[in-house]
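Here is a short report to read beside the sequence and the model.

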Amino acid sequence: MSTKLRVIPTDKRLAEKSGAKILLIGPSGVGKTSTLRTLSAEMRASTAVFDIEAGLIAVSDLQFASVRPRTWDDCRNLACILGGPNPALPATATYSEAHFNELMKDDELAKLASYTTLFIDSLTGAGRLCFTWAEQQPEAFTDRGRKDLRAIYGLHARSMIGWLNQLQHARERTVIFTAVLERNTDELNISTWQPQIEGAKTGRELPAIVDEIITMQWIDFGDRKPVRAFVCTNPNPWGYPAKDRSGKLEQLEPPNLGTLIEKLTGPGQRKPFVVVSPEQSAQT
């Protein structure tokens, strides 16, 4: 049975509440989880934290709701409730309407639908749970019973991307994925900064899924007194991953997650989209 398509008029589309999908990355210890402290009490009241890493000691005194997924099935169930049913999937599939309706029978899980901000701590941890699940599936083994790494990584990538796409479609919700930032050096001795996520395919497709990539890092402005900052646009002098789909952010923003969310989802104007022709570029 096909879903009816409807045209959304301009005024209705512009009036819709839309949340931002944010990837917040940084080295271990820089304070990614502690950015929860920058949310107002009102914003924290509508925030649910996915405590995948069991690493909330930095904010143990704050008041907010949390869930503690211990398996990949837990993660997928949470994403199904928050992203809603996918009408394109058969009833037997994860994220289908049947899956969603079954989960909503659980009153505790159904309460999650009321939260408008999700803080996922962390995407790195979710990737580990997914990989552990993928290793145990029948497709992960050859006919002789040996582990097939190619099949495992393929299954892991499909499941991770499906999970991210499910949360991407939680349109009204702001979703913050945290991940560890690491420096990778290839065989040509070229170093790049990348989020620490199991499987290369997930890392490649992630920038197209999220709206914002924010690197939280210590920045030295020449006085040898580095301070924390959000690096929000690319290219930047440090080569950190960054992306701003909103057009509202400066290259450096204060490390205040609450203010950043308000700036992204508020009524502020985009910066002008400047197009420079090759001839102009050559002249400069």
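## Strand β2 and its partners

Strand β2 runs parallel to strand β4 (residues 117-121), and five bridges join them. Three bridges link β2 to strand β3 (residues 65-67), again in parallel. Strands pair here if DSSP finds at least two bridges between them. Strands are DSSP runs of E with at least two residues, helices are runs of H or I with at least four, and both are numbered from the N terminus. Phe50 stands opposite Ile120 in β4 and opposite Val67 in β3.

This is a predicted model: local features need pLDDT of at least 70, side-chain atom pairs count only at pLDDT 80 or more, and totals for chains, interfaces and linings use all residues. Residues are numbered from 1 along each chain as its sequence is written, and side-chain values use heavy atoms, with hydrogens and water left out.

## Burial and cores

How many residues of β2 (residues 47-51) are buried? Five of its five are. Buried means under 20% relative accessible area, exposed over 50%, and partly exposed in between (1.4 Å probe, protein chains only). Thr47, Val49 and Asp51 are buried on one side of β2, Ala48 and Phe50 on the other.

The largest nonpolar core has 49 residues. Such a core is a set of buried Ala, Val, Leu, Ile, Met, Phe, Trp, Tyr and Cys residues joined through side-chain atoms within 4.5 Å. Leu23, Trp72, Leu123, Trp163 and Phe177 have the most contacts inside it. A second, separate core of 22 residues includes Val49, Ile176, Leu260 and Leu264.

## The largest pocket

The largest pocket has a volume of about 1300 Å³. Of its 34 lining residues, Glu16, Lys17, Ser18, Gly19 and Arg171 are the closest to its centre. A pocket is an open set of points on a 1 Å grid over the protein atoms alone, where a 1.4 Å probe fits, with protein on both sides within 12 Å along at least five of seven lines; lining residues have an atom within 4 Å of a point. Points are joined across faces, edges and corners, and the volume is the space filled by probe spheres set on them. Helix α9 gives the largest share of the lining, four residues.

## Backbone exceptions

The Asp121 to Ser122 peptide bond is cis, with omega near 15°. Ser122 lies in the loop between β4 and α6 (123-135). Asn234 and Pro235 are also joined by a cis bond, with omega about 5°.

Ala54 is not a glycine, yet has a positive phi of about 55°. Ala54 is exposed, at 66% relative accessible area. Tyr95 has a positive phi too, near 75°, but is buried, at 8%.
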